[in-house]
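This report walks through one protein model, from a single residue to the whole chain. Please keep the sequence and the structure in view while reading.

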Amino acid sequence: MPRRSFDDANLMRLISRRRSSSHSDSLTDTAPPHRNRAFSIRSGGSNKGSSSGGGGGGSKMGGFSLNSLRGSVQPELSKKLFRLIKSENNLINAHEAAGRERISIATQLSEWGEQTGDDAISDVSDKVGVILSEIGEQEDSYAHAIDDSRGYLKAIRNTEKSVQPSRDGKAKIADEIQRLKLKEPESAKLVVLEQELVRAEAENLVAEAQLTNITRQKLKEAYEAEFAATIERAEKQIILAKHGRRLLQLLDDTPVVPGDAKPVYHHASQARQVLNDAEDDLRDWQPEADHYTAESTGAAVTTTTEEETNKAPELNVEEGVTEKATAA
């Protein structure tokens, strides 16, 4: 009996262990799918598709974003302007990227010129790199100006969004009146609805007038700012490009006979002066005062220049280099 009771006790403990082991194994087997689901939501991988019984679920989740949600909830009146503003943002990013690439190229040009071992190429490439870098900075400034212009368009979009409920409310009351006239022509509710329609139309008239005023004002301000920035970028880049061409004239490209020494470079001070001139011209730049008037026969423009010296310098490379060399 003692031996049998000992065996029974061992048997019961063994069964208990196997049950607990089986229970823990079942928990272990069921845990990974939960982890896989959480992981697949973050990664958008194929695990979610396999755990949910198909690959379609993962692809649907991949197309969802806050941007798509914002676009879908826009009122009908402001949807087109919403898309335009979003496209403007892409344009801003493109100009910022172009500016960064220009600065990167300028740096690479300077580093390449330094390792050539030619003093003339090293100095001129370095100074040209400075000019190119400044041209890239103008792209970045232009991108910021477009962003400011985009802010005016947002004001129009926000006003359109605020007007949409007024339009919808007026249309809803008008539809309700038509429905009652067909079903219950003698309904006392018609009088109340017609009074509500009068109030809704009055509110809508105010909202529509505000929309018209803001749209015209902000549209002019938006593209006045963008066109002014376009002119500024163009004229400043012209200034920089002309000074860049002055720098290139300091590089003697006369063919060298094999065995002869390279020409000695004597224009380091002149190259520095070109950069100083470019900096001064950019600092002194002022926009021209343009006065546009709309007439019955069309648009007439009169342009007055505040200072003739504010114009981009005329390119006269040979004279500029000769004068600098004489002064040196």
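## A partly exposed residue

Ile105 counts as partly exposed because its relative accessibility is 46%, where buried means under 20% relative accessible area, exposed means over 50%, and partly exposed lies in between (1.4 Å probe, protein chains only). Ile105 is found in helix α5, which covers residues 79-114; helices (H or I, at least four residues) and strands (E, at least two) are DSSP runs numbered from the N terminus. Although Ile105 and Leu132 are 27 residues apart along the chain, their C-alpha atoms are separated by 8.1 Å.

## About the model

This is a predicted model, in which local features need pLDDT of at least 70 and side-chain atom pairs count only at pLDDT 80 or more, while totals for chains, interfaces and linings use all residues. Residues are numbered from 1 along each chain as its sequence is written, and side-chain values use heavy atoms, with hydrogens and water left out.

## The chain as a whole

The protein chain has nine helices and two strands, and from the N terminus on its elements run α-α-α-α-α-α-α-α-β-β-α. Of the 328 residues in the protein chain, 25% are buried. Among contacts (heavy atoms within 4.5 Å) with a separation of 6 or more, 72% are between residues 24 or more positions apart.

## The nonpolar cores

A nonpolar core is a set of buried Ala, Val, Leu, Ile, Met, Phe, Trp, Tyr and Cys residues joined through side-chain atoms within 4.5 Å. The largest such core has 18 residues, and those with the most contacts inside it are Ile131, Leu240 and Leu247. Two or more residues of this core come from each of α6 (119-183), α7 (189-248) and α8 (268-284), with α6 giving the largest share, six residues. A second, separate core has seven residues, including Ile177, Leu180, Leu193 and Leu197.

Which residues are in contact with Leu247, leaving aside its neighbours within four places in sequence? They are Val124, Lys127, Val128, Ile131, Ala271, Val274 and Leu275.

## The largest pocket

The lining of the largest pocket includes Tyr223, Phe227, Trp285 and Asp290. On a 1 Å grid over the protein atoms alone, a pocket is an open set of points where a 1.4 Å probe fits, with protein on both sides within 12 Å along at least five of seven lines, and lining residues have an atom within 4 Å of a point. α7 gives the most to this lining, with seven residues.
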